[in-house]
Amino acid sequence: MLTREGYALALTSFLLSALTSTIVIYHPLTLSMFAAAVFSFMYILMASRELRSLKPKDFTFTRTVSNQDPKPGERVAVKVVVVNKAGRDLELVVVDGFEGLTLVEGNVVVEKHVKHGEEAELQYVVEADRRGVYSLGPLVVKVSDDFGLCCKYITLEREARLLVRPRLVEKPRLMDSVRRAQALSISGSGFSVKFGADDVFREITEYEEGQPLKNIEWRRTAREDGQIYVRKYDKLNRLRVVFLIDCTVSNMVGKPSLMDTTISSVASTALALLQKGDAVAVKALGAAEPATFYAYNTVDFEGLNTFLTKLKPGLGFDLKKEVEELSWFDAVFLVGRLSSVDGHELRLVENDVRRRKGVLFTIIPVLSDGSEVMRLLNELEMLRIKKVKKQAEFVSVVRHTELPQYLAYLHRMLRAVP
Amino acid sequence: MMAKALRIAALSPPVAISLMALAEFDFSNYYVVVGMVSLLLISSTERVKWAAVGLVYIPAIYTVGLLLTGQAAPFLGLAAGYILASPLVLTISTYSSRSASGLLSGYFTAYTTSLLIYGVEGKSAQPETLFIHLVRNITSFITQERVNFVPPETPPTNLIASLTALATLALIITMASRRPGLSLKIKPVFLNALIMSVASLTVSTLVAFFLPSMVSLAILTTIVVLAFLTAVSLRGKDA
């Protein structure tokens, strides 16, 4: 194809040649313009024909990404190297693309005269401020003739996906505010599992922060100087936990959005649950592509995390129907703004969960008061929640920053219930 | 250096025609010289440009003042100077053009303007009548009294045709080596296109010599065919 300059030259030479042979006739000038026009068109024709012979196999390329598993806010350095294997010198413009990411450093375009065997290198740094599926590419090489009149675009790679997974909270500590403010919000009285009843001794290991003191192996600890040891048990009973995440667009408020915070918290808690031998199911309510993911051990967490990464907000859901579709659960965590659900519906769901011998935790995260507008929005939100709580008093309200801690708290509490 | 020499050679015809026109002009009115010099300076280097702005405005305001007091000659002389200098100014701006299309269109404009001034000025070498003939030439073209925009009085064809032929060659080479920092590359594609254009110029010259009435038709047809072929060959999708 022609470049902008190529179009301009072709058009100019055509028009001037037409002008000098119709209304501005002076034979030396007319012939001069004609010769220039013939040269322009012939050159464009021949150069484009030569460029057309180039194929993607005339180049080799590598794209190196520094961070294979980036989290929101983390930087990803990308290095692209394109090597000319065409057997001749080329005027190259290498262009790499990205979708949804923010360019932090560097440039995604490089222009270079590349001899055979030489390379053109491109380096840039991008970041994503929220979790999701992003793409790098397409990687396109623009080859132009020596004078920049015509060019050919060759796509070396369509798109490479970049998963920005939710940031996990490592060892969430129980915040005092959570401990103090939140009452036990368990709905339902039936426990299908005798929690922690059937522990089977497995090994003695060094003590790590957060492990229960009742498991300390005092004899071994007394023998060793300054090192505390604990007994580890395998639990024969497996707790089956279901997370129902409200993925409707109403959860996209805040930065990071409530939905992202919820997903990060659920991912962290799910990992903790899986590490303790529990089974986890996550159901995306009202997502653009509603689905359920089941994880039975830590190996499945990778898939669960990818599933959570890909979640996109949708329009709405029928909570009662979604809960009825659940095949198993001992505990159900319902997390999100739940703006499309009223108290009556929550009460019905709670009854359903209880009937099936499960426990329901309903948690509505709210944004922190940042600005005056946010404070007003929060007041409105609290009025709505208050109305919901009139019919469903078991609903818990948690600041979105404290959600991971609160879920961890519920998880520990669930384990501690005799 | 070579590139500069080629550019100068490419733009030599409008300069030559302008100088031929100036050689016959009556410079007894010094305001003509003032007008010419100030306009040429304004298109000169950056350093001189701002000084030349004063050189343009001061005489212009002064001559307008004289015009209001009933002395029209200085005003007309200054304006005539501007007009006479215009092909040279266009040539200078074309010389510094970076794109091939800009070079080509600048060359055409400078050439046409110099021809226009040569043709008009041939009738009257006085600033007072230059305007009248210039306006008459343009209106006669608009009112379709004449088909050709170029006035009937043209410079000696033998001299200008030879100069234009050489200039065309230089122009083509300059067009192809327009990228700053890139030296001229004689590659097969460039050489083939150059040979084709020289051949077409030869054929067209022969047609113009033996069948002058057919030149325009032949050129138009060839250009349309070439443009069509280019459009067809470029319609394919990229890989």
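Is B:Leu211 buried or exposed, or partly exposed? Select B:Leu211: at 48% relative accessibility, this residue counts as partly exposed (buried is under 20% relative accessible area, exposed over 50%, partly exposed in between; 1.4 Å probe, protein chains only). The model is predicted: local features need pLDDT of at least 70, side-chain atom pairs count only at pLDDT 80 or more, and totals for chains, interfaces and linings use all residues. Residues are numbered from 1 along each chain as its sequence is written, chains are lettered from A and ligands numbered from 1 in the order in which they are written, and side-chain values use heavy atoms, with hydrogens and water left out.

B:Leu211 lies in the loop between helix 9 and helix 10 (215-233) of chain B (helices, H or I, of at least four residues and strands, E, of at least two are DSSP runs, numbered from the N terminus).

Next, select A:Val143, in strand 9 (residues 139-144) of chain A. A:Val143 is buried, at 0% relative accessibility. Beyond its neighbours within four places in sequence, its contacts include A:Leu51, A:Phe59, A:Leu92 and A:Ile154 (contact means heavy atoms within 4.5 Å).

Finally, select helix 9 of chain A and colour A:Asn378, A:Glu381, A:Ile385 and A:Val388, its buried residues. They cover an arc of only 75 degrees around the axis, so they sit on the same side of the helix (the arc is that of the directions from the helix axis to the C-beta atoms). The face turned away carries exposed residues, among them A:Glu372, A:Leu383 and A:Lys390. The buried residues pack against helix 8 (343-355), strand 18 (359-366) and strand 19 (395-399) of chain A.
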